[in-house]
Structures are given as structure tokens and as C-alpha cells.
Amino acid sequence: MLFSGKLNKLRTLALGMVFIGVIVMYIGYAAFAGFLGSWFASNAIIMTFFLIVGFLCVMGSTVMYMWLGIVSTKATQVYCPSCGKVTKVVGMKDECMFCKQLLSLDPADAPENRHHT
Ligand SMILES: [Zn+2]
């Protein structure tokens, strides 16, 4: 997986999950209130279902944020050779947070090892 590149993308995903969760919960409420047609109106089972799904999305996102925080503190800090800023590398390969330069900690990717001697 190629992902602070990775961290940024997961953060966006976690943020998206919050919005999805809120929207799903709102749909549940709207259905119960009769905004989506009389067929769903006052249907407590559908509303409960949507509320639970929405709640799980928000909770999942919260857990993801916590996990990202932990991963972020463990990530290797490096100077990006491309833009000179300090970025974080998650795993062996990652993108620079600022310029999307692909960075690698894998010795096999080091320039001196590229010669097949
Ligand atoms: Zn950079």
C-alpha cells in the first residue's frame, strides 16, 4: 500500500466517514419524519437501522483518527529531498506530505544499490 501521503489520505477518508455517518443518520430521521414518503414514515425499525449504521460510521471514524494519531507518532521523520520539508514516512514507502514525492526507506531502493554489480 502506498500511503504522510498515506496519513493524509486516511485522514480524508476518516473525515468522509463522519459526513457519511451524519448523512445516514439524517436520512433515518428524515424517513421517520415522512420526508421520504409515507411508506417509511413512522417506521421505527428503519430509523433505528439508519441511526445505528450512521453511529457506527462516526465511531469507526473516531477509532480511525485515534489509530492515525498512534501511527503518526511512530512514523519515521525524514527530510524530503524534493522540497526540503520534514515529512513522515509510514511503512517502507510513502509519498511526501507536501509535494507527493515518492520516498522509500527500503535499502533496495537506495541509489548505490541500483548498480547491478
Ligand atoms: Zn516533498
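**Figure 1. Phe50 and other aromatic residues.** Phe50 has a relative accessibility of 25%, so it counts as partly exposed. The class is read from relative accessible area: buried means under 20%, exposed means over 50%, and partly exposed lies in between (1.4 Å probe, protein chains only). Phe49 is exposed, with a relative accessible area of 53%. The model is predicted: local features need pLDDT of at least 70, side-chain atom pairs count only at pLDDT 80 or more, and totals for chains, interfaces and linings use all residues. Residues are numbered from 1 along each chain as its sequence is written, and side-chain values use heavy atoms, with hydrogens and water left out.

How many aromatic pairs does the whole structure hold? A search finds 3. In one of them, Tyr26 and Tyr29 are tilted, with 6.1 Å from centre to centre and 50 degrees between the planes. Phe49 and Phe50 form an edge-to-face pair, at 5.9 Å centre to centre and 85 degrees between the planes. Rings of Phe, Tyr and Trp (its six-membered ring) pair if their centres lie within 6.5 Å; planes under 30 degrees apart are stacked, those over 60 are edge-to-face, and the rest are tilted.

**Figure 2. The cluster of Tyr26, Tyr29 and Phe35.** These three residues, Tyr26, Tyr29 and Phe35, form one aromatic cluster. Both Tyr26 and Tyr29 sit in helix α1, residues 5-33. They are 3 residues apart, about one turn of the helix. Helices (H or I, at least four residues) and strands (E, at least two) are DSSP runs, numbered from the N terminus. Tyr29 is partly exposed, because its relative accessibility is 44%.

Ideal angles for four tetrahedral donors are 109.5 degrees.

Cys80 is buried, because its relative accessibility is 3%. Cys83 is partly exposed at 33%, and Cys99 is partly exposed at 32%. A search of the whole structure finds 0 disulfides; a disulfide is a pair of cysteine sulfur atoms within 2.5 Å.

**Figure 3. Glu95 and Lys9.** Glu95 lies in strand β3, residues 93-95. Buried or exposed? Glu95 counts as buried, because its relative accessibility is 16%. Its side chain makes a polar contact with the side chain of Lys9, at 3.4 Å. A polar contact is a pair of N or O atoms within 3.5 Å; within protein, one must be able to donate a hydrogen and the other to accept it, and residues adjacent in sequence count only if both atoms are side-chain atoms.

Figure 4. Gln77 belongs to strand β1, residues 76-79. At 55% relative accessibility, Gln77 is exposed. Phe35 is 42 residues from Gln77 along the chain, and their C-alpha atoms are separated by 51 Å.

Leu105 is in the segment after β4 (102-104). Leu105 is partly exposed, at 34% relative accessibility. Leu105 and Val90 are 15 residues apart in sequence, and 9.5 Å apart from C-alpha to C-alpha.

**Figure 5. Ser42 and Lys100, two loop residues with positive phi.** Most residues other than glycine have a negative phi. Ser42 is not a glycine, yet its phi is positive, about 60 degrees. Ser42 lies in the loop between α1 and α2 and is exposed, at 56% relative accessibility. Lys100 is not a glycine either, and has a positive phi of about 65 degrees. The loop between β3 and β4 holds Lys100. At 47% relative accessibility, Lys100 is partly exposed.
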